[in-house]
Amino acid sequence: MSLLLTAYCLLTNRCAAQTDSVIVTGRIRHLSAQLYRESPTVFISRNNILQASRELVRPAPLNLDGTFRVSLPLIYPQEEMYFNYGRISTAFLASAGTLNIELDADSLFSVAVPFKFGGVNAQVNSQFARYKAFEATYPLKPDGRKLSTQIANLGDEAAYRIVSSAYQAPFVAFAAKEKPFPLLKRWVGFVNRYNAAAFVYDKATYENENISKALNDSLRPPNDQFLTAARASAMNRFATYTSQRLTAETGRTNGLTVRALALLLERYGKNITAGERLRLEDYAQSNSARQADLRFFDGLVKRNPDTLQRLVNYETLIQRAIRQFDSTTVDYLSAYWLAATLPTVTLDFARLLYDYARPQVKDPALEQSLDELYRLEVKDSTRIRTAMQTLRNGGRTNNALEISPGIFVTRDDFGNGSSLFDKVVNANRGKVIYMLVVSPTDDGGRQAALDAQRLRNTYSARDFALVYVPMSGTDKSLWPELATRYNLTGDHLLLTDSQLFDAIERLRPENDLSAAVINRTGKIVKRNAPLPADFDEARKVIDKNL
């Protein structure tokens, strides 16, 4: 899974009041001028338990003498963090206090363990670095493909035992050579346990099978005080598995109660008359309705289908989860589902959904984790709203309207899709065009949109053009907001549903996420071209037509 690296600042009063934090200091000794020019910044990154695919990064600029200092808040008592400098990286365990990391530039690539730790957890971090060096040369590291074959026909408990043993094997071998500190043993033990849990959840999701309750509970140890990448990943896989199981209950079990649906409609429904509001109050009090009354509810939902349907879906999953899991698990699922939805909605709906769902999360660590992600989604709200106002002022027909620096929008809600397609292509004649068709509500689509910026930055604007074609959705503001939020510089062709059909007919993509390369004369030379993540292959196709 590719990582979305997001530089962030925690500026709210809530985080300012947080007392637990780690100060990471250090020095790169014998730092040469050339090395400083190549890599003037150290990066310290950390996880968020609700989004394993997003690694939150705090930059620490190097001083001329090679020293650096950065402070990061802690949500959990022990957090696995990551030090990155150029091509050198290591994980370390952070706790409240000051932690020191030192390297020698003269021996960065000539020793197995180039890091020297001081401060909190110094001995454990030093031993962990030695363990990772040992693991790198261990011949029997777990192999995902072999494990999948090995457990293909086994029950979930037997499969977990085999996978867990495989992940733990390198540490068992290391412990036979060097006695591990108790804290290291717990740290690595939890990592291996969660790695095995993720494997089992993936297997169950792929095979659409239930995991036994006893094993399911044991895969998520209670009172775990460690936050690691493995834990975040396993918990996310658990949420995916759970979502599949709960969604499959549609038609077999009831969703929302009449009271819950009536309250949602009363609070968020649009254009509710006084008479309709009285009826909703009656339904909420009685918590019952006849079959014939469903038409009344359907009519109210249709007045604001996107907002209400999302809220109904969210609340339905929560109610089903309550019937199957304890409060701790429901708390996590409530926070995870909200965090997973935030990147797929506009600012206005993100605030509405956050205000609705956030009070349902009770665990303090999950509250802080959710707040951290919400702030990241809305931190550029002023800039985004300015861009959207520019788009609205441009009306429903725009030709390369710059809504934010480097972000150009072309649209004509009354025109022909094929003509609009040609307009963007003709405007970029003389350049090689890389056209990316993406869905703004899909994680893979958003990541591909970000990856495409690397291609754009590789070539001169005189020779290369990047054109985004977002798939249409119920909310037409979503893609322009995302483009502004993530600084997706390039041309953006906004098409209606019918116009999109015309464009897709020209591109003939094999998947919802696809790319095409158009040469300098405007001819499509490569349909279903390599996606931006396949950077080298995409470059080959582009270079061939330059």
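Colleague: Which residue in strand 12 stands opposite Glu-402?
Modeller: Phe-408. This is a predicted model, so local features need pLDDT of at least 70 and side-chain atom pairs pLDDT 80 or more, while totals for chains, interfaces and linings use all residues. Residues are numbered from 1 along each chain as its sequence is written, and side-chain values use heavy atoms, with hydrogens and water left out.

Colleague: How many bridges join strand 11 to strand 12?
Modeller: There are 5, and the two strands run antiparallel. Strand 11 covers residues 397-404 and strand 12 covers 407-412. Helices (H or I, at least four residues) and strands (E, at least two) are DSSP runs numbered from the N terminus. Two strands pair if DSSP finds at least two bridges between them.

Colleague: What does Gly-406 do in that hairpin?
Modeller: Gly-406 takes a positive phi near 85°. The hairpin has 2 residues between its strands.

Colleague: What sheet are those strands in?
Modeller: An open sheet of 7 strands, in the order 11-12-15-14-13-16-17, with mixed pairing. Strand 11 and strand 17 (524-526) are the edges, each pairing on one side only. Neighbouring strands are turned by 30° against each other on average, direction ignored. Axes are lines fitted to C-alpha atoms, for helices over the stretch in contact, and angles run from 0 to 180 degrees between N-to-C directions.

Colleague: And strand 13, how many bridges join it to strand 16?
Modeller: Strand 13 (432-438) is joined to strand 16 (514-518) by 5 bridges, antiparallel. Leu-436 has Ala-515 as its bridge partner there.

Colleague: Which helices pack on this sheet?
Modeller: Helix 21 (535-545) packs on the sheet and touches strand 13, strand 14, strand 16 and strand 17, its direction making about 145° with that of strand 13. Contact means heavy atoms within 4.5 Å.

Colleague: New topic. What is the strand order in the sheet of 4 strands?
Modeller: The order is 5-2-8-9, open, with mixed pairing. Strand 5 (67-73) and strand 9 (116-119) have a single partner strand each, so one side of each lacks a neighbour in the sheet. Neighbouring strands are turned by 20° on average, direction ignored. Strand 2 (21-29) pairs with strand 5 in the antiparallel sense over 7 bridges. In that pairing, Gly-26 stands opposite Phe-68.

Colleague: Now Arg-231. Buried or exposed?
Modeller: Buried, because its relative accessible area is 10%. The cut-offs are under 20% for buried, over 50% for exposed and partly exposed in between (1.4 Å probe, protein chains only). Arg-231 is in helix 8 (229-247).

Colleague: What does Arg-231 touch?
Modeller: Ile-49, Tyr-76, Tyr-194, Asp-224 and Phe-226, leaving out residues up to four places away in sequence. Its side chain also reaches the backbone oxygen of Asp-224 at 3.2 Å.

Colleague: Which element gives the most to the lining of the largest pocket?
Modeller: Helix 8, with 6 residues. A pocket is an open set of points on a 1 Å grid over the protein atoms alone where a 1.4 Å probe fits, with protein on both sides within 12 Å along at least five of seven lines; lining residues have an atom within 4 Å of a point.

Colleague: How much space lies in it?
Modeller: About 970 Å³. That volume is the space filled by probe spheres set on the points, which are joined across faces, edges and corners. Of the 32 lining residues, the closest to the centre are Tyr-336, Ala-340, Thr-344, Asp-443 and Arg-446.

Notes
Polar contact = N/O pair within 3.5 Å; in protein donor to acceptor, adjacent residues only side chain to side chain.
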